[in-house]
Amino acid sequence: MNYWTELSVQFANQRDYLDSLFKVYPMSPNIRRTISEEKWNLIENAFNSRNSDVLVKELLKLDLFPIKDSYVAYLKRDPSSVLKNPNTINRLAGTLYQMGIEAIYKKCTEPKETNRQIGPLFKRWISTGTLGAPVFNNARVFLNADGNAVLNASDSEMENFAREYLGYNHEKGLDFVARFNGKYIIGEAKFLTDFGGHQDAQFADAISTITSELLPNVLNAEVIKIAICDGVLYIAGNNKMHRHLLKHNEEIVISSLLLREFLFSL
């Protein structure tokens with residue numbers, strides 16, 4: 001296990017890890033989605049008049065369709081298919097009529113899942129300057145700045161910067177780009193909330209980024225790849241993520257809570 005990964009495991013198991021992590025990934029209360037009065041009136045009128053085409057069509061415009069059905073995604077992506085497939089629309093509408101208008105409203109306004117809130121939180125935390133270096137959202141300004149600096153732009157902009165200047169050669173955007181003591185650090189950030197399935201895939205995604213091969217870079221600079229991971233991977237046990245950490249001393253997998261300490265140690 002890498003030294004910084006081992007420190008992350010110790011931190012997660014010996015201190016108020018989750019309490020501290022809340023500063024990086026603050027989970028907001030699950031506020032219900034909203035539907036404008038105008039939109040809801042259209043839906044309610046279509047329901048009451050049993051206008052199935054309009055009912056389904058208007059519900060498809062919402063962020064969340066009230067029933068789970070394998071055909072909904074297609075209808076969302078091709079609105080013209082509503083009129084072309086009357087049997088499918090009648091089938092969906094029949095389920096909606098059975099639900100009742102109140103149940104439809106309740107389903108359509110369900111809060112977003114917590115894991116869908118996580119994406120922007122790491123970058124929001126970086127933007128506070130907590131790492132002890134100036135934060136820039138423009139790649140050119142970052143490159144020309146003196147001393148330690150952090151680039152906090154879009155994933156694609158940071159990927160393009162890393163490709164052009166740092167020899168990055170992986171088909172994936174980046175969550176983190178920084179320069180400390182003349183060395184460049186690039187990586188992905190993940191908050192892994194459980195074992196298995198999608199979360200294992202997210203972990204593998206981060207590992208694939210830090211194990212990708214770097215090409216020679218035009219800055220002739222040392223480039224360090226890291227995976228900034230938090231969550232269940234630091235729980236010791238017979239799980240895929242932790243087993244991987246134990247076997248790969250060469251990979252720097254580190255908690256966001258130790259990131260500042262790591263950067264100033266370079």
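Start by selecting Glu-110 and Lys-107: their side chains meet in a salt bridge, 3.5 Å from N to O. (A salt bridge here is a side-chain nitrogen of Lys or Arg within 4 Å of a carboxyl oxygen of Asp or Glu.) Glu-110 counts as partly exposed at 30% relative accessibility, and Lys-107 is partly exposed too, at 38%. For burial, the cut-offs are under 20% relative accessible area for buried, over 50% for exposed, and partly exposed in between, with a 1.4 Å probe and protein chains only.

Before moving on, know that you're looking at a predicted model, where local features need pLDDT of at least 70, side-chain atom pairs count only at pLDDT 80 or more, and totals for chains, interfaces and linings use all residues. Residues are numbered from 1 along each chain as its sequence is written, and side-chain values use heavy atoms, with hydrogens and water left out.

Next, select helix 8, residues 101-108. (Helices, H or I with at least four residues, and strands, E with at least two, are DSSP runs numbered from the N terminus.) Ile-101, Ile-104 and Cys-108 are buried here. Look down the axis of helix 8: the buried residues fall within an arc of 60 degrees, so they line one face. (That arc is taken from the directions from the helix axis to the C-beta atoms.) Turn to the other side of helix 8 and you'll find Glu-102 and Lys-106 exposed.

Now jump to strand 5, residues 223-231. Why call it largely enclosed by the rest of the structure? Because 9 of the 9 residues of strand 5 are buried. Color one side by picking Val-223, Lys-225, Ala-227, Cys-229 and Gly-231, then the other with Ile-224, Ile-226, Ile-228 and Asp-230.

Strand 4 (residues 183-192) pairs with strand 5 in the parallel sense over 9 bridges; strands pair if DSSP finds at least two bridges between them. Strand 6 (residues 252-254) also runs parallel to strand 5, joined by 3 bridges.

Zoom in on Lys-190, whose bridge partner in strand 5 is Cys-229. Lys-190 also forms a salt bridge with Asp-205, the closest N and O atoms being 3.2 Å apart. Lys-190 lies in strand 4 and Asp-205 in helix 12, so this pair ties together parts 15 residues apart in sequence. Is the pair buried or exposed? Both Lys-190 and Asp-205 are buried.
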